[in-house]
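Have a look at the structure below.

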2 protein chains.
Amino acid sequence: MLRTLTPLFLFGLATLASTAQQNIWGHNPLRSPEVHPDGRVTFRLLAPKAQQVQLTGDFLPAEERTTAFGKMWVDGRRSLQRDTAGVWSFTTEQALAPELYQYAFHIDSLQVPDPSNVYRHRDTNLTTDVFLVGGGVEGQYAVNDVPHGSIVKQWYASPSLRATRRLSIYLPPHYFEQSHRRFPVLYLLHGMGGDEEAWLAMGRAAQIFDNLIATGRMTPAIVVLPNGNVSQQAAPGEGSNGFVPPQSMLPRTMNGEYEAAFPDIVRFVDRHFRTLPKAKHRAIAGLSMGGFHSLHTAINHPTLFHYVGLFSAAIQPREDNVSPIYADVPTKLSRLYAHRPSLFYIAIGRDDFLFKDNVRFRQQLDQLQLPYTYRETDGGHTWRNWRRYLLDFLPRLFRP
Amino acid sequence: MLRTLTPLFLFGLATLASTAQQNIWGHNPLRSPEVHPDGRVTFRLLAPKAQQVQLTGDFLPAEERTTAFGKMWVDGRRSLQRDTAGVWSFTTEQALAPELYQYAFHIDSLQVPDPSNVYRHRDTNLTTDVFLVGGGVEGQYAVNDVPHGSIVKQWYASPSLRATRRLSIYLPPHYFEQSHRRFPVLYLLHGMGGDEEAWLAMGRAAQIFDNLIATGRMTPAIVVLPNGNVSQQAAPGEGSNGFVPPQSMLPRTMNGEYEAAFPDIVRFVDRHFRTLPKAKHRAIAGLSMGGFHSLHTAINHPTLFHYVGLFSAAIQPREDNVSPIYADVPTKLSRLYAHRPSLFYIAIGRDDFLFKDNVRFRQQLDQLQLPYTYRETDGGHTWRNWRRYLLDFLPRLFRP
């Protein structure tokens, strides 16, 4: 029958049949977003009956708005123009710099995903439409013609947490060929509302590893991307609680349990993958809550890691927290430094709501006369910054 | 600062700040879909200014509609009711049977994804909202408390196609522990518009493998999920062409190149993973175009596979196709059967648009006196059927 199907018939099938038969030939006739060769981007939405269609996105200049909570920066907003067919569109005034961007449509004030865009990632407990301009920063977010690592979705047993949990692992190119070579390991942690998928989706981490390894800017390494939510077995939909709405304010994320149980992960990885199982070949880094986890894991297990990276890190435990994991931070910091870590890296944006906490933390390090590498950028608590920090951090690891 | 944030402030941040800071604490206040304990399901959408909100889904009775193309079955449709706050809702009249379902909202005739649901899979070149009732058929689509296999996203070189391409691999539970055990291999192929992600997303394949292996209904096996689109390096967004709109009518999908190059995949897998590298430990199966690929790969390489599965398979090449791969099918079939395959399995639904082609193909097998196992079901060309065929097919593989 396939041979007898005409394009017109196929279009009919596509628009009518929906899921009664699989919609093999369907497609959304509008292209949105469309990145033009000159770097401008057009967004389109078919909505003949809408009164107003607007767009927000992290590429539009943020606007300061005064609210009941004080002044805050919010995404810029633009109106789309309607044509006679009911197609609304907007083209950016200027070319957008190479980057991974996020946006949303607002139809009569209702925020909706772009029906024409299949590139939609979960970011915390919401989904966001994304598009890539020009391969991202220095082309490092694109899949380039370089050797590619493998991504493994792997379950592990955590005896300390009495749980079976999931993590993601990046194995460097040729891992399954070079059956004896061992690699250093970076543990790379997500933030609040994230999970073992976050760095791979919004972070473009696999592409960044492939590209930096190919150009010699990163030492080939295994990268472990664990799930930092103790109450959660795996990313939403991947655990036994099924398709429940994800939550970002999960319990047991910053109460010390995760940091205390972290050696379970290291033991599992060292036992099942070809690692170099020594501190000098191990790094831990994370963003936001993952920076908090990295800091407190590293200082509570001072012989495990020789490299520490804090990206827009939360520093202070919540007031109600009484775990001994968060006690005696200055003493524990000094104990970590007694092992002469190769790198203690801090990066944050000046607009980040955790900026002042990081200033105070650096003052504490200064008073203790503990050296660190510091990178301050513009921008706030965003994936754009975390991808850039990762690009900056990786070349500093595992150098002899 | 985290410790000073009040819930009210967090809500303010969530609704206003969007991507100017990462929306850590945001959530969509509506729950949709909500599967009630009694199996009924409620859908909700906030759209105060909409005139009409409707729902289509594969759980609503399909409706026969007369169109310019003749009569065809389309998904059922229901209207949602608006409350005074502008929230539209609909609850199914009856409990839904355990299954993975698809649905979409239609706001004033515009089909839009459900903003409250993060479980949205790409199915061909569109995305569809999904929800799971009761763990799916016999609970086999859920992540249950059983040993879990690993999923690997792996690149391989195809010398025949002069391309570096991606595939997915399921490694059975304990693969990385039992470092010497070897496994049989199933090659499981997607349909038109699909790719190496399709069986794992819409097919719930990893959950099905885990659950059937745990109960002894499937022999532990490696399952390879290749990408069958020769012109495509990898799934959309995972290849070097970037975030372009996916196409289902790709060139070079049914012109013989893929079947001719298939031994490249088998060689790669046998070389890099612990397989039992003999025909009697190898199966190939696929849905729709993947059934077509399975059939023509198996009969053109008659010493490679001892098990063949055709799920809603396309049988006939397109009229314009002149590849020798599709010539002399009866002779090649007899040659395959000369090697006494353990299983030649055909499954299809009575409403499938490929049903008649499968009737003719079975007549051909009958005339040639070649035995096969046949399963005929209700329903059409749908993932619901393909998951059921997989559940029925796997227990028949790799039995001594």
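## Terms and model

Two strands pair if DSSP finds at least two bridges between them. Strands (E, at least two residues) and helices (H or I, at least four residues) are DSSP runs, numbered from the N terminus.

This is a predicted model, where local features need pLDDT of at least 70, side-chain atom pairs count only at pLDDT 80 or more, and totals for chains, interfaces and linings use all residues. Residues are numbered from 1 along each chain as its sequence is written, chains are lettered from A and ligands numbered from 1 in the order in which they are written, and side-chain values use heavy atoms, with hydrogens and water left out.

## The neighbours of strand β3 in chain A

Take strand β3 of chain A, residues 53-57. One partner is strand β9 of chain A, residues 99-107. Five bridges join β3(A) and β9(A), and the two run antiparallel. Within this pairing, A:T56 stands opposite A:A104 of β9(A).

Strand β6 of chain A, residues 76-79, also pairs with β3(A). Here there are four bridges, again in the antiparallel sense. A:Q54 of β3(A) faces A:S79 in β6(A) as its opposite residue.

## Two covered faces

In a regular strand the side chains alternate between the two faces of the sheet. Which residues of β3(A) lie on each side? A:V53, A:L55 and A:G57 are on one side, and A:Q54 and A:T56 are on the other. Both faces are covered.

Buried means under 20% relative accessible area, exposed over 50%, and partly exposed in between (1.4 Å probe, protein chains only). By this rule, five of the five residues of β3(A) are buried. The strand is described as mostly covered.

## Cis peptide bonds

Now turn to the backbone. In chain A, the peptide bond from A:S32 to A:P33 is cis, with omega near -10°. A:P33 sits in the loop between α1 (7-17) and β1 (34-35) of chain A.

Chain B has a cis bond from B:S32 to B:P33, with omega near -10°. B:P33 belongs to the loop between α1 (7-17) and β1 (34-35) of chain B.

## Positive phi angles

A:R204 is not a glycine, yet its phi is positive, about 50°. Where is A:R204 found? Its place is the loop between α2 (198-201) and α3 (205-214) of chain A. A:R204 counts as buried because its relative accessibility is 4%.

B:T124 is not a glycine either, and has a positive phi of about 55°. The loop between β11 (120-123) and β12 (126-133) of chain B holds B:T124. Is B:T124 buried or exposed? At 5% relative accessibility, B:T124 counts as buried.
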